[in-house]
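These are my notebook entries on a single model.

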Amino acid sequence: MRTIGIWGFRSRVSDLVVDDDGMSTAEYAIGTIAAAAFGAVLYAVVTGDSIVSALTGIVERALNTAV
């Protein structure tokens, strides 16, 4: 059996912990699904009646202010 010193062991462990070649296909899929879900929720919130009427009210107040 080959023996390695403490520095060799630390080097091997740090290589295993730090070694990250990028995202795998599953991680890309989960990230894509999460982004699509966030977009759908954001679209539903922004196109809801309360948001549209609030934004319309803000624009109308800004246009009707006396200067």
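Confidence. I am working from a predicted model, and I checked its scores before anything else. The protein chain has an average pLDDT of 80, and 66% of its residues reach at least 70. I then compared the elements: helix 2 has the highest mean pLDDT, 91, whereas helix 1, residues 6-18, has the lowest, 64.

Elements. I counted three helices and zero strands in the protein chain. Read from the N terminus, the order is α-α-α.

I asked what share of the 67 residues of the protein chain counts as buried. I found 0%. The protein chain exposes about 6,300 Å², and I recorded that carbon and sulfur atoms supply 67% of that area.

Nonpolar patch. I next looked for nonpolar side chains on the surface. I found a patch formed by F38, V41, L42, V45, V46, I51, L55 and I58. Together these residues have about 720 Å² of accessible area. Helix 2 (25-46) and helix 3 (49-63) are the elements that each give two or more residues to the patch. Which element gives the most to the nonpolar patch? I found that helix 2 does, with five residues.

V41. I took one patch member for a closer look. V41 lies in helix 2. Its relative accessibility is 52%, and the cut-off for exposed is over 50%. V41 therefore counts as exposed.

Methods:
Residues are numbered from 1 along each chain as its sequence is written. Side-chain values use heavy atoms; hydrogens and water are left out. Patches are made of residues with over 30% relative accessible area and no salt bridge: like charges are joined within 9 Å, nonpolar side chains (Val, Leu, Ile, Met, Phe, Trp, Tyr) within 5 Å. Accessible areas come from the Shrake-Rupley method with a 1.4 Å probe; for residues, only the protein chains shown count as cover. A salt bridge is a side-chain nitrogen of Lys or Arg within 4 Å of a carboxyl oxygen of Asp or Glu. Helices (H or I, at least four residues) and strands (E, at least two) are DSSP runs, numbered from the N terminus. Buried means under 20% relative accessible area, exposed over 50%, partly exposed in between (1.4 Å probe, protein chains only). pLDDT is the predictor's confidence in each residue, from 0 to 100.
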